[in-house]
Amino acid sequence: MAGCVMVFLFTGSFKANSVFVDDVISMYRTSYVLAGTAFVAQPAVAFMVAGIGGSWLEGVSYRSMGVFGGVLFGAGFVYQGVFGYRLHQLFIAMIITASGGGLLHFAFFISFVEHFRDGFPVALATREVFTYLGVSIMPPFVEILNSDYGLHGAYLLLGALAWNCIACGAVLKPVNGTTRNIMATQNKLRTIVENCCCSRRTSDTDEIDAPSCSSIFDCSPVTEHIQFAIFLIVHSLLYYAFTAWAIFLVPFGTSTGLLTSEAVFLSTAGGIGGFLGKISVILVFYLGWMNITFAGVVSSCLICTGLFGYMVSSNYILMLMSSCLCGFGLAFADTALSGMIPQYLCSYHLRQGTAISYFFGGVSMQLGGTLSGAILDSTGSYLWVFGTMFLANVTICIFSVFLSAMDEDIPECGDSRRRNDGV
């Protein structure tokens, strides 16, 4: 339950930032590229921190990491509410919030591994349902706060709400009730995901000495597994599309003549679609039907259909339907692709590959805000923003087809290293 509350608040607060975009641009007299870069720093930096958090904080219990992350998560919003009168202060606030969110995500991820073990994939997918409940509920709620208390008052109250994550982090504890460090729990992840994806391995070993995630610049998972390299492109493009959609959806609605109180329901419709997408992922995983065709090809086609709806009509009902379709496709693809990471990595490279996936996901999110903002500043049209997202999803579809055609087994690098070392 604590993990569900955490993802609800984190994703919901990020999506709620779209309510503030027009206010920030007018108040700070800035551009869309700078505003988008600032707001997208929340999920982007969070993913980067989560990707390398284990190597930074080896030996720290995940309860301590969760509590400290909860403090930072709310502190960034409170800082913006009290001191946020310049653009650089918005950057600082989002980075503080993002750092806390990254620690929370990492701590809860490994805690789920510890508690649910073989049921980890289903438990994680169930938790992810709450991300799009946050997307549905938080933007209209924050719009009410913004109308009643203004930008700074809304951020103060949002920070107070985010501090509930301190309590969420405090309930984290090892199964046996003793202090357990981060890396000890990480070692169990390799065994769990190997059992889930054993059909893609060419050989089995009792134990493989996997490298630690001590350097995010170790790209051996990418160079030694071409399938993972293609998968990384697909996953990164998806994060780019999600971020651009999440940040600029409400401003797009107001640009068509909708009131802000009406435009926020585009986010709500997207959240409802995302909720249904998360439920569908659980069902498809449970039935054993999940593959890259479902995760990449079908979902990207659904997203493209929704984006096309934005570009051809400004009818409010059609935009709501398009938002629902985009939300469904983005949510389905996100959870499905995340659950498929172990299928494209050997157990030797699993941890490092996961860290790389998190890191490049954060970079792609940052590009989603920065590049889309630059396009909007230079063209003045949201059609170009959504057109770029459309092309990204077409690319996802193409690379997913290539990936589905690559039916090779994943070589177990640990075996070859042991043979070369004479073990």
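Here are a few questions and answers about a helix pair and some cysteines in this predicted model.

Q: How do helix H10 and helix H13 run relative to each other, roughly parallel or roughly antiparallel?
A: Take H10 as residues 226-255 and H13 as residues 316-340; their axes come within 10 Å and cross at roughly 150°. Angles over 145 degrees count as roughly antiparallel. So the two helices are roughly antiparallel.

Q: What is the handedness of the H10 and H13 crossing?
A: The helices cross at roughly 150°. As for the hand of that crossing, it's left-handed.

Q: How many nonpolar residues are in the contact of H10 with H13?
A: On the H10 side you'll find residues including Phe231, Leu238, Phe242 and Trp245, while H13 brings in Met319, Cys326, Leu330 and Asp334, among others. Sorted by class, the contact has one charged residue, four polar ones and, for nonpolar, 15.

Q: How many disulfides does a search of the whole structure find?
A: A disulfide is a covalent bond between the sulfur atoms of two cysteines. Here, a pair of sulfurs has to be within 2.5 Å to count. For cysteine 301, the nearest cysteine sulfur belongs to cysteine 397 and is 4.2 Å away, so cysteine 301 is in no disulfide. Across the whole structure, the search comes back with zero.

Q: Is cysteine 326 buried or exposed?
A: Cysteine 326 is in no disulfide, and the nearest cysteine sulfur, from cysteine 304, is 8.7 Å away. Its relative accessible area is 0%, and anything under 20% counts as buried. So cysteine 326 is buried.

Definitions and conventions:
Residues are numbered from 1 along each chain as its sequence is written. This is a predicted model: local features need pLDDT of at least 70, side-chain atom pairs count only at pLDDT 80 or more; totals for chains, interfaces and linings use all residues. Side-chain values use heavy atoms; hydrogens and water are left out. Axes are lines fitted to C-alpha atoms, for helices over the stretch in contact, and angles run from 0 to 180 degrees between N-to-C directions. Helices (H or I, at least four residues) and strands (E, at least two) are DSSP runs, numbered from the N terminus. Angles under 35 degrees count as roughly parallel, over 145 as roughly antiparallel, 65 to 115 as roughly perpendicular and the rest as oblique. A crossing is left-handed if the near helix is turned anticlockwise from the far one by less than a right angle, and right-handed if clockwise. Contact means heavy atoms within 4.5 Å. Ala, Val, Leu, Ile, Met, Phe, Trp, Tyr, Cys and Pro count as nonpolar, Asp, Glu, Lys and Arg as charged, and the others, Gly among them, as polar. Buried means under 20% relative accessible area, exposed over 50%, partly exposed in between (1.4 Å probe, protein chains only).
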